[in-house]
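Subject: Model handover and notes

Hello,

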Amino acid sequence: MQKVHQTGDVSLVPDVSVDLVVNTIEDCKKPVVAAVEGLALGGGLELAMGCHARIVAPKTQLGLPELTLGVIPGFGGTQRLPRLVGLSKAIEMMLSSKPITSEEGKKLGLVDVIVSSQELLKVSRQWALDIKEKHKPRMRSLHRTDKIGSLSEALKLLKAARQQAKKTAPNMPQHQACLDVIEEGVVHGGYHGVLKEAKVFKELVMSDTSKGLIHVFFAQRATSKVPNVTDIGLRPTQIKKVAVIGGGLMGSGIATALIMSNIYVVLKEINSEYLQKGIKTIEANVRGLVTRGKLTKDKSDKALSMLNGALDYSDFRDVDMVIEAVIESVPLKQKIFSEIEKVCPPHCILATNTSTIDLNIIGEKTSARDRIIGAHFFSPAHIMPLLEIVRTEKTSPQVILDLMTVGKSIKKVPVVVGNCTGFAVNRTFFPYSQGAHFLVNLGVDVFRIDKVIRNFGLPIGPFQLQDLAGYGVAVAVGKEFANAFPDRTFLSPLVGLLIKSGRNGKNNGKGYYIYEKGSKPNPDPSVMPIIEESRRLTNIMPNGKPINVTDREIVEMMLFPVVNEACRVLDEGVVVRASDLDIASVLGMSFPSYRGGIVFWADMVGPKHIYTSLKKWSQLYGNFYKPSRYLEERASKGMLLSAPASPTRSRM
């Protein structure tokens with residue numbers, strides 16, 4: 001599929017479905033039996049369903065996850081699965097992309113018999129002979145109709161599934177296409193369904209959604225290759241015990257992630273009240289996972305037994321790593337680093353969870369510069385999958401490799417980046433909320449902006465996000481970026497005015513939205529006079545009148561400045577490769593995966609269009625929109641933003 005995307009030649013997709021699965025296997029006079037063990041996800045299961053029987057080892061996983069790649073099952077899966085497990089279950093398996101075990105498959109009729117690994121081949125061979133001797137039936141899945149049910153029932157099920165998919169996957173064409181193909185088989189028979197499936201599969205392979213999702217699939221795998229770290233023969237050191245300093249929202253989330261992967265944690269706080277609060281948060285995190293069925297009671301008890309609290313550094317003598325997770329204050333972080341350098345063993349990794357502050361400033365007062373590294377988790381840390389690993393010019397490759405290894409063991413995707421204000425993710429996205437504020441001060445409705453961004457595919461809009469994070473974060477981060485990049489920062493008075501009027505977002509139930517227990521956040525009309533006051537102060541509306549913009553222009557005026565900053569990040573070599581920024585934007589900022597990540601999306605939109613739009617807006621509204629040199633160069637040469645640069649001043 002990646003080759004098809006690179007060449008644009010869809011004929012590279014082989015006609016396996018009819019040629020092999022129907023003609024050669026299913027319609028063959030000789031019995032064909034599938035012996036299945038381990039994973040049969042996608043093509044493996046489709047091949048097995050084309051056989052006359054399926055003999056499966058215990059705990060095998062069976063599923064059709066193709067929709068996660070923007071396509072549909074292409075070897076007859078849309079037709080055979082409903083005929084083997086029933087329409088309702090088949091729709092659920094395909095649309096959710098979730099596998100089932102062989103044990104469930106046996107109950108549903110997908111599996112004929114479960115036998116031990118040792119017996120698997122012996123029983124399968126015997127089964128084939130039994131079919132030949134007519135001791136066992138020879139089942140051709142495509143011709144079965146007994147589990148489809150009546151036509152009216154089937155059509156009712158499909159209609160309900162369509163409505164559900166419209167809600168849960170509004171921007172993903174593969175869900176509706178999959179249901180169309182299933183319906184074709186129900187109405188006109190399995191063989192017609194298989195033919196339609198092959199045709200639709202080829203159309204979907206060429207869709208932007210499939211290109212985006214397959215790009216993300218490979219981008220995630222590429223992050224584990226870091227030049228001069230993973231390719232120089234180093235072996236990871238085992239990290240058994242980690243100290244976390246600070247039991248607030250981030251510290252408790254990080255501690256939760258570590259203990260759930262069998263790593264001992266010492267949680268340090270400044271007084272027993274804060275310490276108890278931190279421990280309670282961790283217990284609540286773990287119990288929440290039990291309640292949601294993500295963790296067994298035994299595992300949760302074991303995880304919580306790996307946690308100890310501390311009010312001083314006496315337990316730090318044998319830790320392998322410290323992660324500092326206190327508030328974003330430079331003097332406080334510097335003080336902590338000079339203290340832990342004295343008490344921790346000489347091999348101990350000294351990590352900080354800062355989201356914006358330059359690591360060289362944090363480590364200024366220490367001599368262990370080679371052990372200092374950024375471990376930037378995203379909130380909530382025990383759930384969000386990204387770990388941004390920040391290296392300075394002094395950080396040793398061993399320390400980077402060890403933190404990557406810990407990241408993987410706690411089920412995060414580690415992305416290694418260079419050191420600068422905001423690092424790769426927050427730096428790339430700092431113009432996002434600023435662009436939102438720019439639009440509001442130009443007269444665009446706050447709630448319309450949030451809605452447009454949700455329709456584009458982000459889970460929540462920028463203003464609701466600010467409500468959730470609390471306004472203190474917005475102010476602190478805004479200051480960091482204003483100091484680092486004064487030439488392109490837009491300072492909006494709006495957040496300051498909200499705080500002055502006694503609002504603090506979700507924390508006190510009053511922000512742009514009203515938060516009441518048990519109901520969805522609702523727009524708060526009483527915020528309008530505060531917004532009017534902000535517009536009066538900034539005075540950037542042309543002739544004092546609100547601007548007229550389309551929904552598409554709202555998306556572009558917010559995201560093109562983000563692309564512009566991504567260009568600077570690429571130009572300065574802050575990331576190893578452009579796709580690292582794509583996966584970081586998907587996993588850290590919830591940029592829609594089916595759009596392929598921020599740089600991939602920008603390349604699909606076209607660098608030239610982005611450049612001319614930014615140039616136009618910078619003439620109208622000033623420096624915030626001024627195109628970067630890298631963007632201008634790429635647009636004028638007709639190059640993709642993601643194309644590797646000539647090796648210049650990379651920090652990696």
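Below are the conventions, then the sheets, the helix packing and a few backbone details.

This is a predicted model, in which local features need pLDDT of at least 70 and side-chain atom pairs count only at pLDDT 80 or more, while totals for chains, interfaces and linings use all residues. Residues are numbered from 1 along each chain as its sequence is written, and side-chain values use heavy atoms, with hydrogens and water left out.

**Eight-stranded sheet**

Eight strands form an open sheet with mixed pairing. The order is β9-β8-β7-β10-β11-β12-β13-β14. Helices (H or I, at least four residues) and strands (E, at least two) are DSSP runs, numbered from the N terminus. Two strands pair if DSSP finds at least two bridges between them. β9 (307-310) and β14 (413-417) are the edge strands; each has a single partner, so one side of each has no neighbour in the sheet. From one strand to the next, the twist averages 25°. Angles run from 0 to 180 degrees between N-to-C directions, and axes are lines fitted to C-alpha atoms, for helices over the stretch in contact.

β7 (residues 241-245) and β8 (residues 264-268) run parallel, joined by five bridges. Ala243 has Val266 in β8 as its bridge partner. Helix α12 (residues 249-259) packs on this sheet. The helix touches β7, β8, β9, β10 (321-324) and β12 (372-377), and its direction makes about 165° with that of β7. Contact here means heavy atoms within 4.5 Å.

Ser252 sits in α12. Is Ser252 buried or exposed? Its relative accessibility is 1%, so Ser252 counts as buried. The cut-offs are under 20% relative accessible area for buried and over 50% for exposed, with partly exposed in between (1.4 Å probe, protein chains only). Leaving aside neighbours within four places in sequence, Ser252 contacts Gly246, Gly247, Gly278, Thr281, Ile282 and Asn285.

Six of its six residues are buried, so β12 is largely enclosed by the rest of the structure. In a regular strand, side chains alternate between the two faces of the sheet. In β12, Ile372, Gly374 and His376 point one way, and Ile373, Ala375 and Phe377 the other. β12 pairs with β11 (residues 349-352) in the parallel sense over three bridges; Ala351 has Ile373 as its partner. With β13 (residues 386-390), β12 runs antiparallel, over four bridges. There, Ala375 is partnered by Ile389.

**Three-stranded sheet**

Three strands form an open sheet, in the order β2-β4-β5, with mixed pairing. β2 (39-41) and β5 (100-101) stand at the edges with a single partner each, so one side of each is left without a neighbour in the sheet. β4 (residues 61-63) pairs with β5 in the antiparallel sense over two bridges. Gln61 has Thr101 in β5 as its bridge partner.

**Helix packing**

How do two of the helix pairs cross? Start with α19 (residues 446-456) and α24 (residues 551-571): their axes come within 10 Å and cross at roughly 85°. The two are therefore roughly perpendicular. The classes are under 35 degrees for roughly parallel, over 145 for roughly antiparallel, 65 to 115 for roughly perpendicular, and oblique for the rest. Arg448, Ile449, Val452, Ile453 and Phe456 in α19 meet Asp551, Ile554, Val555, Met558 and Leu559 in α24. That contact has eight nonpolar, no polar and two charged residues. Ala, Val, Leu, Ile, Met, Phe, Trp, Tyr, Cys and Pro count as nonpolar, Asp, Glu, Lys and Arg as charged, and the others, Gly among them, as polar.

Next, α5 (residues 87-96) and α8 (residues 151-168) pack at about 20°, with axes 10 Å apart. They are therefore roughly parallel. Leu87, Ser88, Ile91 and Leu95 in α5 meet Ala154, Leu157, Leu158, Ala161 and Ala165 in α8. By class, this contact has eight nonpolar residues, one polar and no charged.

**Backbone details**

The Ser379 to Pro380 peptide bond is cis, with omega near -5°. Pro380 lies in the loop between β12 and β13.

Phe423 is not a glycine, yet its phi is positive, at about 55°. Phe423 is in the loop between β14 and α18 (425-441), and counts as buried at 0% relative accessibility. Asn539 also has a positive phi, near 50°. Asn539 lies in the loop between α23 (528-538) and α24, and is exposed, with a relative accessible area of 59%.

Best regards
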